[in-house]
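Work through the exercises below with the structure open. Each one has a task and a stepwise solution.

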Amino acid sequence: MAAGMIRREVKRLTTMVNEVLDFTRQTPGTVALEPMWFSDFVSVFIEEVGPLAGDRGVKLLCETPPPEVAMQIDERRLVQAFYNLVNNAADFMPKGGTVTLRFALSENELTVEVEDSGTGIAPEIARGAVRFSLGVDNTPAQVDAFLAAVKSVVTRFRDMTAMAA
């Protein structure tokens, strides 16, 4: 059990270091889109991150099954985005909490909802929350714009929560 946890943590930290190195070398438009089934992506993510959340006393649930849709995604970056959402939720909730993922697919849009049982976001911050969506067939420029928007909101939220602490 401990060996598996150590392997997962080494893999996660290695990925984070590689992300920092990639970010420092990154130029706009270098997102590596690969075809992938979204349901496979979610299954692997839950298999890898579920035990990490469990080690922190947090349960990771899928309320709805991930849709079986082929997408062009940058798997490494999407894993990091999902991991950050789950990790941040786990940081701000007591043991025994849950992080719930929900998925909905319309004609050309996949919606992912992440909900946690933590104390929540203060109403003055929540009013500024933005809902993001990314279609199932995106160009690298669209993915770049999406990731830049998400980063901006996450940074703003992190700064607001740091000021409140």
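**Aromatic ring pairs**

F38, F41, F45, F82 and F103 are linked into a cluster by ring pairs. The model is predicted: local features need pLDDT of at least 70, side-chain atom pairs count only at pLDDT 80 or more, and totals for chains, interfaces and linings use all residues. Residues are numbered from 1 along each chain as its sequence is written, and side-chain values use heavy atoms, with hydrogens and water left out.

**Exercise 1.** State how many aromatic pairs the structure holds, then classify the pair of F38 and F103.

Step 1. Rings of Phe, Tyr and Trp (its six-membered ring) pair if their centres lie within 6.5 Å; planes under 30 degrees apart are stacked, over 60 edge-to-face, and the rest tilted.

Step 2. There are 5 aromatic pairs in the structure. For F38 and F103, the centres are 5.7 Å apart and the planes are at 75°, an edge-to-face pair.

Step 3. F38 belongs to helix α2 (residues 38–55) and F103 to strand β4 (residues 98–105), so this pair ties together parts 65 residues apart in sequence. Helices (H or I, at least four residues) and strands (E, at least two) are DSSP runs numbered from the N terminus.

Step 4. F38 is buried at a relative accessible area of 2%, and F103 is buried at 8%. Buried means under 20% relative accessible area (exposed is over 50%, partly exposed in between; 1.4 Å probe, protein chains only).

**Exercise 2.** Classify the pair of F41 and F45.

Step 1. The ring centres of F41 and F45 are 6.4 Å apart with planes at 20°, so the pair is stacked.

Step 2. Both residues lie in helix α2, 4 residues apart, about one turn of the helix.

Step 3. F41 is buried, with 1% relative accessibility; F45 is buried, with 2%.
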